[in-house]
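Trainee: I have just opened this model and would like to learn how to read it. Please take me through it one feature at a time.

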Amino acid sequence: MTSSQPVVGPDLRLLHITTVPMSLGFLRGQVEYMAARGFQVHAISSPGQELSDFGKHHRVIVHAVKMERRIAPTRDLLALWGIATVIRRYRPHVVHAHTPKGGLLGMMAARLAGAPVRLYHMRGLPLMTASGLKRILLRWTEFVSCDCAQTVLCNSESIREVAIGEGICPPEKIRVLHSGSGQGVDATTRFNPETVDRTSRLHTRRRCGLPDGVRVLGFVGRIVLDKGIVELAAAWAQLREQFDDLHLLLVGPFEEQDPIPLAIKQQFEADPRVHLCGADWNTPPLYSIMDVVALPTYREGFPNVPLEAAAMTVPVVATRVPGCVEAVKDGVTGTLVPPRDPAALAKAIARYLEDPQLRLEHGMAGRERVMLNFRPEDIWAATYGEYQRLLAFRGAHA
């Protein structure tokens, strides 16, 4: 922390903004941490049961403002007005915006409404896989979000370097807190292999339709193009021939935005050795039955999946892209391969399947690294310290 004397108090209000309620999952635990230190916590996101549930479960005052993930000028103006109205009414001292659209609208509204402290949290850069006019628009939205913010928090040093190199944000304005990542991972209670017993593992296998004794290659995340699902399908075609006892477990939803080719989806659905779990986010039991986790993504901010898998002592094969290069320590907790290279992906996965000792060593090293560097409490404390620093600098506590 930057000061031994807290500047927060019971009359200080903290407002988080995300485009969709699912992204409020970034803040589980953190909102309670801030409330315990004197903040009244509010959240703005698109309406829905998920937003209401978040407010009830975490004792957060929620405000529904419809936001589109895509660029939609008329609806974006209405959302901007709605967010600004909430800010003017409740006058938060700290506005902390997340996700590209939430960042753009939230930081513009906070600036227009005169919020004393404005932070934009850069959790990734969609422009990295875009081209043409779309890339120009995405770059512009990130630039405006950073310009309207007083401080930009970034999940990883590699994404920070991209943002600076693209001219999106000046280096003195953008920071990475603690060791990076969005929220860290609770490796003590939730993502702890010792909390998942043999009965639970057997039940999870049966629920997913996995035969006893087979080995499992896992993927956890949105099943979309940007996650490298095309390359995963190609690698799987090779691996299923090489290892008769290997099954593929896909955990996550198919999404209409950035969809995978229909032929690949149908291929997965028709393969008796591919198991589709859908959006089951109670992932510790699922990690416990995986032998290797693959994340052949094209872009990330700082992916949580490699940290979660590592905490569960499962090695990860991921792509050598910004964000992943910090989430996976190549040759220590997992293996990094070039993006869009299914042959390299298959080879790295096969190496773990052929060498149980290597799998064990990298899995144990991964858990040790998560326990040491990615405790959620350390990230919450660093965020709280940043709030203190900015409040003191702006004199918002007066």
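**Reading the model**

Mentor: Let's start with the second largest cavity, whose lining comprises 5 nonpolar, 1 polar and 3 charged residues. Here Ala, Val, Leu, Ile, Met, Phe, Trp, Tyr, Cys and Pro are nonpolar, Asp, Glu, Lys and Arg are charged, and the rest, Gly included, are polar. Bear in mind that this is a predicted model: local features need pLDDT of at least 70 and side-chain atom pairs pLDDT 80 or more, while totals for chains, interfaces and linings use all residues. Numbering runs from 1 along each chain as its sequence is written, and side-chain values use heavy atoms, with hydrogens and water left out.

Trainee: Which residues line the second largest cavity, and how much space lies in it?

Mentor: Rolling a probe the size of a water molecule over the atoms shows where empty space is left. A cavity is a set of points, on a 1 Å grid over the protein atoms alone, where a 1.4 Å probe fits but cannot get out; lining residues have an atom within 4 Å of a point. Points are joined across faces, edges and corners, and the volume is the space filled by probe spheres set on them. In this case the space is about 30 Å³. The lining is made by Glu231, Pro296, Thr319, Val337, Pro338, Pro339, Arg340, Asp341 and Leu345.

Trainee: What does the confidence score say about the chain?

Mentor: pLDDT is the predictor's confidence in each residue, from 0 to 100. The chain averages 93, and 97% of the residues score at least 70. Residues 1-8 have a pLDDT below 50, though in the model this stretch has 21 contacts beyond near neighbours in sequence. A contact means heavy atoms within 4.5 Å.

Trainee: How do I check the length of a helix such as α4?

Mentor: Take 1.5 Å times one less than the number of residues as the expected span. The 14 residues of α4 reach 20 Å from first C-alpha to last, close to the 20 Å expected. For helix α13 (residues 342-354), the end C-alpha atoms are 18 Å apart, which agrees with the 18 Å that its 13 residues should span.

Trainee: Which residues of α4 are buried, and what covers them?

Mentor: Buried means under 20% relative accessible area, exposed over 50%, and partly exposed in between, using a 1.4 Å probe and protein chains only. The buried residues of α4 include Lys101, Leu104, Leu105 and Met107. Among the elements covering the buried residues of α4 are β1 (12-17), α3 (73-90) and β5 (117-122). Just after α4, Gly114 takes a positive phi of about 75 degrees.

Trainee: Where does Thr99 lie, and is Thr99 buried or exposed?

Mentor: Thr99 sits in the loop between β4 (94-98) and α4 (100-113). Its relative accessible area is 13%, so Thr99 is buried. Although not a glycine, Thr99 has a positive phi of about 70 degrees. His178 is another non-glycine with a positive phi, near 55 degrees. This residue belongs to the loop between β7 (174-176) and α7 (198-207), and at 43% relative accessible area His178 is partly exposed.

Trainee: What does Phe254 touch?

Mentor: Leaving out residues up to four places away in sequence, Phe254 touches Ile223, Ile260, Lys265 and Leu276. Phe254 lies in the loop between β9 (246-251) and α9 (262-270), and is partly exposed, with a relative accessible area of 30%. Its C-alpha atom is separated by 7.8 Å from that of Gly278, 24 residues apart along the chain.

Note on methods
Helix = DSSP H or I, 4+ residues; strand = E, 2+ residues; numbered from the N terminus. 1 Å grid on protein atoms, 1.4 Å probe; cavity = no way out; pocket = protein on both sides within 12 Å on 5 of 7 lines; lining within 4 Å.
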